[in-house]
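I opened this structure to see how it is put together. These are my notes, in the order I took them.

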Amino acid sequence: MNLENLRSARSLYYQCFGEVFSFSFSKNRLANLTQYLNAMNKCIFDDTLKTNFAFLLENLKTPQDMQKLIKEYDLLFLALKSAIPTTFSYIEEGFENSNALLLVRQILIKSKLRRNEAFFKEGEDSVGFCFLLMSEFLREKNDDLAKELFERLINPNIDEFFNLILVNEAALLFKEVALIGVAFMEFERFCFELEKPIKTQSKKVQNDLSRSEFLRRETNKQRRKLGKTQEIS
């Protein structure tokens, strides 16, 4: 298999996942999603995913449909008590701003890329940002950094993230996204010549995760306050 011929397609998949799993107040949020899905469907790497793409394309035709996806995002990832974590720090260790954040920043230092804080409100260890970073690394043919990020952070933790979506009863559209994501991660393991890891590390907890719950709730409060402020202005 000639991976160079698949570079653009792989970058596109990461770009799509990156935007879907990124929080944003932008009015143009997910404006390119249908275009991405159509293009991804044409360069599909697993025929079993055709039904997943068909479902998403059928149910994401209008701006109103996109609002349903955004509301589902809020329900899954911003709920105060049952939010699915969206940072690799939390997924890996059970609290925010841990080793995963430091790792991504160390990888970024080796590149010319930086997080645009005006556009991207979440940390560098967020799932969405790391997917977007993978897209850029592949596009720029920075394969060493792409493999480092995938091998050290994404590969060990991404299955847990997708599984949390798949078992959530509120996930409808995002369930289809997660199923595509699971298959794509298996494909990426093949591309990077890596095995699916067996996780044995237990998450670090503090006072029954009170610290992580506090951080998550505070983050959600700040997001809502910022949203109200922007709506008023």
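I take contact to mean heavy atoms within 4.5 Å. Helices (H or I, at least four residues) and strands (E, at least two) are DSSP runs, numbered from the N terminus. The model is predicted: local features need pLDDT of at least 70, side-chain atom pairs count only at pLDDT 80 or more, and totals for chains, interfaces and linings use all residues. Residues are numbered from 1 along each chain as its sequence is written, and side-chain values use heavy atoms, with hydrogens and water left out.

**Entry: the whole chain.** I found ten helices and zero strands in the protein chain. I then looked up burial (buried is under 20% relative accessible area, exposed over 50%, partly exposed in between, with a 1.4 Å probe and protein chains only). Of the 233 residues in the protein chain, 49% are buried. I also checked contacts with a separation of 6 or more: residues 24 or more positions apart account for 73% of them.

**Entry: helix 1.** This helix covers residues 7-20. I asked how many of its 14 residues are buried. Twelve are, so helix 1 is largely enclosed by the rest of the structure. Among the buried ones I noted R7, L12, Y13, F17 and V20. The buried residues pack against helix 2 (33-42), helix 3, helix 4, helix 7 (127-139), helix 8 (143-166) and helix 9.

**Entry: helix 3 with helix 9.** Two packed helices are described by the angle between their axes and the distance between the axes. I use axes fitted as lines to C-alpha atoms, for helices over the stretch in contact, with angles from 0 to 180 degrees between N-to-C directions. Helix 3 (residues 50-59) and helix 9 (residues 173-192) pack at about 145°, their axes 9 Å apart. On the helix 3 side I listed N52, F53, F55, L56 and N59; they meet L173, E176, V177, L179 and I180 in helix 9.

**Entry: helix 9 itself.** I counted 15 buried residues out of 20, so helix 9 is mostly covered. Just after helix 9, E193 takes a positive phi of about 55°.

**Entry: T87.** Where does T87 lie? I found T87 in the loop between helix 4 (63-77) and helix 5 (88-93). T87 counts as buried because its relative accessibility is 11%. Not counting residues up to four places away in sequence, T87 touches E96, D125, S126 and V127. The T87 side chain also reaches the backbone nitrogen of Y90 at 3.2 Å.

Terms used:
Polar contact = N/O pair within 3.5 Å; in protein donor to acceptor, adjacent residues only side chain to side chain. Expected span 1.5 Å × (residues − 1).
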